[in-house]
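Please keep the structure open beside you as you read.

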Amino acid sequence: DSHIQYERVGADVTMKCGSMDWDAAVTWTANGTDIDESHLNGSYLILKNVDLTQSGQYSCYEGSSWHLKYQTYLRVGTPPKEPVLMCRSNNYPKGFYCSWHLPTPTYIPNSFNISVIHGTREMVCEKDAFPKNRCHIRYLQLFSTVKYKVTLTVTNALGKNSTTLTFDEVAIVKPDPPESVVAKPVPNNPRRLEVSWQNPSSWPDPESFPLKFFLRYRPLILDQWQHVELSDGTSHTITDAYAGKEYIIQVAAKDNDIGTWSDWSVAVHATPWTEEPKHLTTEAQVTETTSASTSSFMPPPTTKICDKGAVVGS
Amino acid sequence: MAASDSPSAALRRRDLCSRGIRLAGKMRSDVVDLLDTYVERQGLDASASVVAVEGVPAAAVERWDEQTGTQRLLENLAAYRAFRALLAQMLEEQREQLGEADAALGRALAAVLLQVSAFAYHLEELLRLESHGPPSEEGASPPPPSHLSLFEKKLRGLGVLRELAQWAVRSARDLRQIAKPSLGSSSAPSLAESP
């Protein structure tokens with residue numbers, strides 16, 4: 001009989017040659033290669049302190065007739081550790097999704113079971129085709145003060161583990177980052193940059209569930225970001241840019257009333273408008289260049305202090 | 001009852017809605033602050049779960065996006081009238097229990113009570129834009145008698161404030177739905193289309 005045998009890393013494994021007696025003459029192979037006699041105790045195969053490399057197909061043949069008497073596929077692995085579970089609503093108020101992973105691999109197949117309880121009601125978590133370890137739940141009720149309790153249980157042939165999350169409806173609301181971020185210089189304005197973006201396409205109803213935004217920008221030559229929070233609209237004009245310096249700009253989003261900030265958007269780069277160099281005679285050119293080089297780096301008059309309470313992407 | 005939909009009524013409605021949204025936002029942040037103070041002063045556990053308390057309007061709602069504008073306003077008004085009575089009772093109990101010992105909590109409660117009353121009036125204004133106007137208050141059930149123990153009263157107060165915080169979020173959402181231009185709105189019919 002051929003089947004799968006699961007064993008823990010480090011275990012000692014004994015395999016009998018099917019119904020053969022202990023003192024019967026047999027030959028054992030691993031993946032088709034004969035196994036040294038030192039691993040045999042009579043007709044039993046003994047594997048000490050097995051490791052992952054010893055996973056494979058083990059076969060036992062009757063000594064003289066080479067008749068296959070026993071075959072098994074040995075899978076060496078570990079029982080599952082406590083899984084890591086995360087639930088989030090990036091399309092509020094439609095629903096939320098939960099995703100999970102194991103902190104360390106088990107090297108053998110695992111099965112996951114998730115239960116979502118809201119008050120006394122069990123809710124269905126519909127598995128997503130992709131990514132694999134994820135499912136989503138549709139809100140049946142909004143504005144509830146009753147907490148959600150999500151329990152994930154992971155099982156494999158060597159053991160079982162679980163984790164539970166309890167949260168309020170509003171606490172897990174975290175939009176996706178804003179999309180289509182564009183930054184452009186403003187002609188004839190050496191200190192301005194025009195930034196625009198769009199609501200994340202996953203956010204279903206920005207009219208009833210408006211988002212507010214957090215813009216951060218800095219010249220590439222500096223490390224310190226400047227921040228500005230915007231409670232409506234999807235564009236902003238930076239008016240205190242260093243003239244002629246390339247800027248990096250990112251935007252984050254948050255529901256106006258609840259939840260946490262999104263991660264930062266993709267970064268965009270832009271450089272404020274600079275005047276075209278005039279075609280001068282040589283003498284004029286010299287005087288022009290000397291005066292220009294001393295004044296091109298002027299720090300902005302005002303630096304906006306960000307809202308201390310706002311931590312993005314946490 | 002078709003809502004009056006003259007341009008001036010539509011403008012008035014949008015104005016009332018946007019002011020109501022701001023009031024709901026302010027009320028919510030004040031209620032959240034009050035909740036922290038209340039939990040601390042009353043010696044409660046912030047994560048204590050409070051089962052649905054009799055007489056406290058639950059903000060939770062199913063198929064919220066299918067509600068008509070009139071339904072939203074009527075449910076909101078009924079809730080804030082109930083909260084007005086509940087907060088007044090909490091204030092009275094708080095004074096009896098602590099007197100001036102905790103004036104700060106009393107003032108915070110009174111401030112939220114004022115906002116709740118203002119918001120109820122605001123909702124009545126919105127309903128007046130409709131032909132049938134707000135329902136009368138006669139016969140509205142007063143809060144149940146206080147045969148509760150001191151600890152039960154404190155838990156009840158926690159339940160009231162938690163639901164009120166959720167209602168403030170819901171109200172802002174409701175008003176945004178109502179303020180939506182009625183044509184081409186993909187969501188539930190706004191006030192103008194209410195039956």
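In what order do the elements of chain B run from the N terminus on? The order is α-β-α-α-α.

## About the model

This is a predicted model, in which local features need pLDDT of at least 70, side-chain atom pairs count only at pLDDT 80 or more, and totals for chains, interfaces and linings use all residues. Residues are numbered from 1 along each chain as its sequence is written, chains are lettered from A and ligands numbered from 1 in the order in which they are written, and side-chain values use heavy atoms, with hydrogens and water left out.

## Chain B as a whole

Chain B has four helices and one strand. Both kinds of element are DSSP runs numbered from the N terminus: helices are H or I with at least four residues, and strands are E with at least two.

Chain B has 195 residues, and 49% of them count as buried. Buried means under 20% relative accessible area, exposed means over 50%, and partly exposed lies in between, using a 1.4 Å probe and protein chains only. B:Cys17 is one of the buried residues, with a relative accessible area of 0%.

Contacts here mean heavy atoms within 4.5 Å. If you take the contacts in chain B between residues at least 6 apart in sequence, 84% join residues at least 24 apart. Chain B exposes about 9200 Å², and carbon and sulfur atoms supply 57% of that area. Accessible areas come from the Shrake-Rupley method with a 1.4 Å probe; for residues, only the protein chains shown count as cover.

## Helix H4 of chain B

Helix H4 of chain B covers residues 150-179, and its end C-alpha atoms are 43 Å apart. At 1.5 Å a residue, its 30 residues should span 44 Å, so the two values agree. The expected span is 1.5 Å times one less than the number of residues in the helix.

How many of the 30 residues of H4(B) are buried? The count is 25, so H4(B) is largely enclosed by the rest of the structure.

A disulfide is a covalent bond between the sulfur atoms of two cysteines. Here it is assigned to a pair of cysteine sulfur atoms within 2.5 Å. The structure holds three disulfides over all chains. With the bonded cysteines of chain A numbered in sequence order, the pairing is 1-2, 3-4, 5-6.

A:Cys17 is joined to A:Cys60, with an S to S distance of 1.8 Å. This link is left-handed, with -100° about the S-S bond. A:Cys17 lies in the loop between strands E2 (13-15) and E3 (26-30) of chain A, and A:Cys60 lies in strand E7 (residues 56-62) of chain A, so the pair ties together parts that are 43 residues apart in sequence. Both A:Cys17 and A:Cys60 are buried.

## The other two pairs

A:Cys87 pairs with A:Cys98 at an S to S distance of 2.1 Å, and their link is right-handed, with 105° about the S-S bond. A:Cys87 lies in strand E9 (residues 84-88) of chain A and A:Cys98 in strand E10 (residues 95-101) of chain A, so the pair ties together parts that are eleven residues apart in sequence. A:Cys87 counts as buried at 9% relative accessibility, and A:Cys98 counts as buried at 0%.

A:Cys125 is joined to A:Cys135, S to S 1.8 Å. The torsion about their S-S bond is about 85°, so this disulfide is right-handed. A:Cys125 is buried, with a relative accessible area of 13%, and A:Cys135 counts as buried at 0% relative accessibility.
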